[in-house]
2 protein chains.
Amino acid sequence: MITAVVLGTGNVATHLLEVFSNNEHIRLLQVYTRNPNVTLAPSIKVPLVHQIDELLEADVYIISVTDNAILAVAEQIPFSNKLVVHTSGTVAMEVLPERFRKGVFYPLQTFSKNKAVNFKSIPICLEAENEKDFQLLEAVGNSISDKCYAISSSQRKALHVSAVFVCNFVNHLYQMGNEICQENNIPFEILHPLIQETADKIRTLSPLEAQTGPAKRQDTGTINAHLQFLTDATQKDIYKLLTKSIIDHV
Amino acid sequence: MITAVVLGTGNVATHLLEVFSNNEHIRLLQVYTRNPNVTLAPSIKVPLVHQIDELLEADVYIISVTDNAILAVAEQIPFSNKLVVHTSGTVAMEVLPERFRKGVFYPLQTFSKNKAVNFKSIPICLEAENEKDFQLLEAVGNSISDKCYAISSSQRKALHVSAVFVCNFVNHLYQMGNEICQENNIPFEILHPLIQETADKIRTLSPLEAQTGPAKRQDTGTINAHLQFLTDATQKDIYKLLTKSIIDHV
């Protein structure tokens, strides 16, 4: 049984708390937040502490707060030589204070408060300074997910940039599609199967092989008709830039 | 039993032929292509004709060729007053010759030759000049799909532009993510669950509600770090433009 303390009650922390609460390999000792107004969902049966000097000794401290606050929170942990990890996609492991054994426990997923996720399929990117700590993190990771990867801080940075492209930017393109549909009284749900198939395709084809559409075909007639159709300046700019990039990549 | 002739043997036509071949409501009389070198997959047991004057009389002629060739093919059909439809997302119904009863049968999906699709979930966008022809197209559509929609030519144009955003452009962002992973020796499969969840999310949340990431949080530190990380000029431009657009939309 591995004992753990989670520091933070944000988006990622809440999802981790949910999955750790029902886990026979992890004993969640405490959750810490400095915010006195925060309460936990009833399903999370773990003591909530607001004073950091009330923290108990644990095998691992998981800091899941905004990137800018990670160091400040870590510095207040009233122990030394403990395994302290953060859950950020962008912050290097080295940022953590020297008096700890450092590590990273980064679940690569898009978490929204109102949408449950199946942790089993979420890749957990792990990093630690020594093999023994890595194995402990791997045991924690394997207890909630089928997919743990050893990812260095520099690889994690690249992965996070990739994730912005394939998740945040992709979702924004969904939003543009949604707006165009709304303006033309078309239910956005018509596009759901296409969105689904586009995501499915790249499991069996490379994105380059999977590409279709007017830019791929260099069909300038359709491209110009689309540009004429679009009235929003930003949508026009995005259409032009991505069309050019697809043509340049063929 | 509705009799049909398909004109064309491209990407969309091939998928339609596959699904019509095993359909108890549709009798596929012929497939036409002017290209004498084309042969059909063995699973498609329909007479292939290369001379357009060999076409038989049918309830509906489905023209599934490149947009620019639709009118030329339609004009050669050796009948009048027949129901003639095309399968294009971009071409207006009115483009078809006046001597026919015109219509559109547009399956909204991304078809790749090497990837089978489940037609049942593909929305079919239908348009016809009169109610009787619409009902016939609806019967054809319902025989292969669970989702038929009445979509006018102007709505179809908007829908096609939306589809370019949520499919072609999205797939190109997958490609950028893939490239960044490859350059950093990260298996692209790590991103598959994130891609899947991003697509799933917008079935229950609006894209605006589903948005996460540094642009949404206006986290300029991370944004600048990402821009510094990117070396490819086009990737940088796309990152800047989409980040600005997300920030402007919040």
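Residues are numbered from 1 along each chain as its sequence is written, and chains are lettered from A, with ligands numbered from 1, in the order in which they are written. Because the model is predicted, local features need pLDDT of at least 70 and side-chain atom pairs count only at pLDDT 80 or more, whereas totals for chains, interfaces and linings use all residues.

Chain B is superposed on chain A by a rotation of 180° with 0.0 Å of shift along its axis, at an RMSD of 0.1 Å; the superposition is by least squares on the C-alpha atoms of residues with pLDDT of at least 70 in both copies. This is the relation of a two-fold axis. In chain B, the C-alpha of B:Val170 is the one nearest the axis, 2.7 Å from it. Both copies use the same surface, as 100% of the contact residues of chain B recur in chain A.

The contact draws 77 residues from chain B and 77 residues from chain A, where two residues are in contact if their C-beta atoms, placed from the backbone, lie within 7 Å. On the chain B side, the elements giving two or more residues are helices H4 (153–183), H5 (192–201), H6 (207–210), H7 (220–229) and H8 (233–249) of chain B. Helices (H or I, at least four residues) and strands (E, at least two) are DSSP runs, numbered from the N terminus. H4(B) supplies the largest share of that side, 24 residues. By class, the side of chain B that touches chain A has 41 nonpolar, 28 polar and eight charged residues; here Ala, Val, Leu, Ile, Met, Phe, Trp, Tyr, Cys and Pro count as nonpolar, Asp, Glu, Lys and Arg as charged, and the others, Gly among them, as polar.

Next comes a helix pair across this contact. H4(A), residues 153–183, packs with H4(B) at an angle of about 180°, with the axes 9 Å apart. Axes are lines fitted to C-alpha atoms, for helices over the stretch in contact, and angles run from 0 to 180 degrees between N-to-C directions. The two helices are therefore roughly antiparallel, the word for angles over 145 degrees. Their contact residues divide into 22 nonpolar, four polar and no charged.

Chain A also holds an open, mixed sheet of eight strands in the order E3-E2-E1-E4-E5-E6-E7-E8; two strands pair if DSSP finds at least two bridges between them. E3 (48–49) and E8 (148–150) of chain A stand at the edges, each with a single partner strand, so one side of each has no neighbour in the sheet. E2(A), residues 26–32, pairs with E3(A) in the parallel sense over two bridges, and A:Tyr32 has A:Val49 as its bridge partner in E3(A).

Finally, some single residues. B:Phe105 lies in strand E6 (residues 101–107) of chain B and is buried, with 25 C-beta neighbours inside 10 Å; buried means 20 or more other C-beta atoms within 10 Å, exposed 12 or fewer, and partly exposed in between, with C-beta atoms placed from the backbone. Beyond four places away in sequence, B:Phe105 touches residues including B:Ile62, B:Leu126 and B:Val140. A:Asn185, by contrast, is exposed, with 9 other C-beta atoms within 10 Å, and has a positive phi of about 55° although it is not a glycine.

Conventions:
Parallel < 35°, antiparallel > 145°, perpendicular 65-115°, else oblique.
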